[in-house]
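Dear colleague,

Please find below the structure that I am handing over to you.

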Amino acid sequence: MTNVTASAYEELYQGEQAVWLNAGPYQAALLPGIGANLIAFRDTVKQYQFLHEPAADEMEAFKANPIIHGIPVLFPPNRYEDGKFPWNGKVYQLPVNEARTGNHLHGFVHNIPWTVESFGAQGGEAQVTLVLQVKEGHSVHAYLPFTFTIRLRYTLSSDGLHQQITVRNEGQESMPCLLAFHTAINAPFAPGSTAADQRFTMTIGERWEMSDRMLPTGSYQPLTAEEELMKRGGVSPYFAAMDNHYTAVPQNGRNRMELTDTRSKVKLVYDVGTTYKQWMIWNSNASGQFFCPEPQINLVNAPNLQLPADEVGLFALEPGAIWEETSRLYVIDLE
């Protein structure tokens, strides 16, 4: 590890202030001003671009809706029926920002500035830590009136990209802790490869049935033959247009998505923590360019469902309590 050259510095990313990390062949860039989005993860030697990055002419659209590029942080994630968020005998009203479904979508932290707490490099690792402190007067507090801090740390090393996130309840009452990452993976990520060269697996269990408002009914649907291959064997991430919701079922103690480029003989592993009890997957209408395997703590619309809290990932952080989870993106050479 110590033989790896590492660095961390501030420099623009397509006109936006960014913190850049370098470690060996790997490079990453993070945008503090746009939701602490980890917008780039690359292998600069092999020219791999693992995350879906905005092109120069896409930057304005990205800044207006920073969801389908990089690793956006969703808090609370996904959809809430009519914007209603019941909690501990109260109902909080979130803005209805998806006209098509009449729901609230994707929370409040992915498109606002975070604070850079520290960055630096030592011992072959480069790291950056960002914080979002929510209290009275903060834009998030207007909808979720709790006092808390989210701290997000990325470390880049020869082992790839490591992510650590913590939520600390600094208020006087219990608060909901619902979070996800809308991770946008390039498929293909290797130059010269095509969509036909891509196969992936994911540690899914059951598929949730969704209403026409994209809300879970509480029932499951049978998996198709291709979805069974998502569990074992592998299938194209574009076998059909997907905006699907699944339970997460770790295999061998690990909760992960693995994307194999059969031409380049390289596997990208997205190993997420087992606290994420749900997966969303969205593939931009089977675009053939990128897809989003999204680890979620909670089921979509969880506070409005009459299902056991543990089953749907709806849990409370008591005053002073800390929730923490880690994930990692790394590469396995198959030759």
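This is a predicted model: local features need pLDDT of at least 70, side-chain atom pairs count only at pLDDT 80 or more; totals for chains, interfaces and linings use all residues.

Residues are numbered from 1 along each chain as its sequence is written, and side-chain values use heavy atoms, with hydrogens and water left out.

Rings of Phe, Tyr and Trp (its six-membered ring) form a pair if their centres lie within 6.5 Å; planes under 30 degrees apart are stacked, over 60 edge-to-face, and the rest tilted. The count comes to 14 aromatic pairs. One of them joins tyrosine 13 and tryptophan 20, a tilted pair with 6.0 Å centre to centre and 40° between the planes. The rings of phenylalanine 50 and phenylalanine 189 have centres 5.2 Å apart and planes at 50°, so this pair is tilted. Phenylalanine 50 and phenylalanine 189 are both buried (under 20% relative accessible area, 1.4 Å probe, protein chains only).

A pocket is an open set of points on a 1 Å grid over the protein atoms alone, where a 1.4 Å probe fits, with protein on both sides within 12 Å along at least five of seven lines; lining residues have an atom within 4 Å of a point. The largest pocket is lined by 17 residues, with Asn97, Leu105, Gly107, His110 and Asn111 nearest its centre. Residues lining the second largest pocket include Leu105, His106 and Trp282.

Yours sincerely

Note on methods:
Buried means under 20% relative accessible area, exposed over 50%, partly exposed in between (1.4 Å probe, protein chains only).
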